[in-house]
Amino acid sequence: MREAFIEFAYLVASVLFIVGLKGLTHPRTAVRGNIMSAVGMAIAMMATMFDREVAGYTLIIFGILIGAGIGAFLARSVRMTAMPQMVALLNGLGGGASLLVAGAYLFTLDPSERTAAVLTAMAASGLIGGLALSGSLVACAKLEELEFIEQWDVPQQQLVNAGLGALCLLLCVLLVFYPKSAVSLYWLLGLLSLALGMLLVNRIGGADMPVVIAMLNALSGLAAAATGFVIRNDALIIAGALVGATGWMLTRIMCRAMNRSLPAVLFGTLHSSGRGASADDVYANVRSTSAEEVAMMLEGASRVAIVPGYGMAVAQAQRAVRDLTNVLTSRGVNVEFGIHPVAGRMPGHMNVLLAEVDIAYDRLKEMDEINSEMDQIDVAIVLGANDVVNPVARTDPNSPIAGMPIIDVEKARSVVVIKRSLSPGMAGIPNPLFAASKTLMLFGDGKQVVLKIIKALQKA
């Protein structure tokens, strides 16, 4: 009866995971889906503690309270601009937990219990968990733009990475065939996988961080699933498989959105292979404007497209953008948002920011949809975006973003770019859109500039 109850609890938790994941596919149901997944995890945790016949719950409850307290504090205090860093950190913690749990379980096994199947799953936990942990920490540091990460370089890094990868695979094989030495081989594998994860992600450019975060999410899920096989926990296998599968699907979507292959991202082959034009040459004919002039342009517009980017998150301008949208729609202007799949620094970053301030979901247009109608847009407002609207992606095959699909704002009748300065995006290259004949630059903090436009519209 007890075993049947535990299996039933695992089944309920798994159903909640799947239904919750389905809810996360749409902003309207995302909160409910998140709650259902959390309830499923709570049920799975309680069932596991009963299943394992834990002798004392004091230490476990103490750990749960500490973890829940830290998680609640971070969830409430982390800025929306830092949410990609937090996601990367959570991915890393998942991988690290898998690495440690599998390693701890190894100590409890007699040599006779170290079967090939268990050791194979354990090797996967150690390798993938270590990669996810160290890779996520480096991704977090790169997103935070920590100086020591930006300046860190390893001579002949490709060869070093290849050597470390081969050594890790060799240790996986030895772990399976030499069960008596499994403990030492496992922890050596864990250490080398940590080093490999650091070196792999360190090589990847900042413009590819959305792909990296999706990939690390998938790795943390796969590590959890492998650990589930090690400790024979059905709920962990199902949860890890769901995270791994959805993470890989998201990685493929991100790669397609950037016109990249995953190997090209992983092995850092996205750097420029030639010298492009200098910023001084590109920006020789930049024209600036004022909030009052932009307000006059918007007064005569019937369709306006807003293309948000990471700069909107930095300026926390999403509420001001909502207010501008309300002012324009009250005057009969059709306002739409062009969302590039990799705008921001994690998948769906812009969607989350705009949904947070209750901008209608039907106003959010995917890249292909908004591009098909861009020539009918009177005014396109680029707010803090750079690489995702850079026409160099189509014109310069040597560019770091060559071939990446972009939002075709240059096809609109007029373009207004709101930025603090002419500084480059994560790809580190100038954007000729800023100096185009139909483009006007409105320099300043995104939030304050939008508020000035609203004030000018109200005065008019």
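Modeller: A term comes before the tour: a residue is buried when its relative accessible area is under 20%, exposed when over 50%, and partly exposed in between. The model is a predicted one. Of the 460 residues in the protein chain, 48% count as buried. The chain has 19 helices and six strands.

Now the charges. There are 34 positive and 34 negative side chains, and the centres of the two sets lie 2 Å apart. Searching the whole structure gives nine salt bridges.

Start with Arg303 and Glu373. Their closest N and O atoms are 2.8 Å apart. This pair links distant parts of the chain, 70 residues apart. Arg303 sits in strand β1, while Glu373 is in the loop between α17 and β4. Arg303 has a relative accessible area of 14%, so it is buried, under the 20% cut-off. Glu373 is at 25%, so it counts as partly exposed.

Next come Lys365 and Glu369. Here the closest N and O atoms are 3.5 Å apart. Lys365 counts as buried at 16% relative accessibility. Glu369 is partly exposed at 37%.

Then look at Arg420 and Asp445. Their side chains meet in a salt bridge of 2.7 Å, N to O. They too link distant parts of the chain, 25 residues apart. Arg420 lies in the loop between β5 and β6, and Asp445 in the loop between β6 and α19. Arg420 has a relative accessible area of 55%, so it is exposed.

Finish with a group. Arg394, Asp408, Glu410 and Lys411 are linked in a network of salt bridges.

How values were computed:
Residues numbered from 1 in each chain as written. Predicted model: local features only at pLDDT ≥ 70, side-chain atom pairs only at ≥ 80, totals over all residues. Heavy atoms only, no water. Helix = DSSP H or I, 4+ residues; strand = E, 2+ residues; numbered from the N terminus. Buried < 20%, exposed > 50% of the residue type's maximum accessible area, 1.4 Å probe, protein only. Lys, Arg positive; Asp, Glu negative; His and termini not counted. Charge placed at Lys NZ, Arg CZ, Asp CG, Glu CD. Salt bridge = Lys/Arg side-chain N within 4 Å of Asp/Glu carboxyl O.
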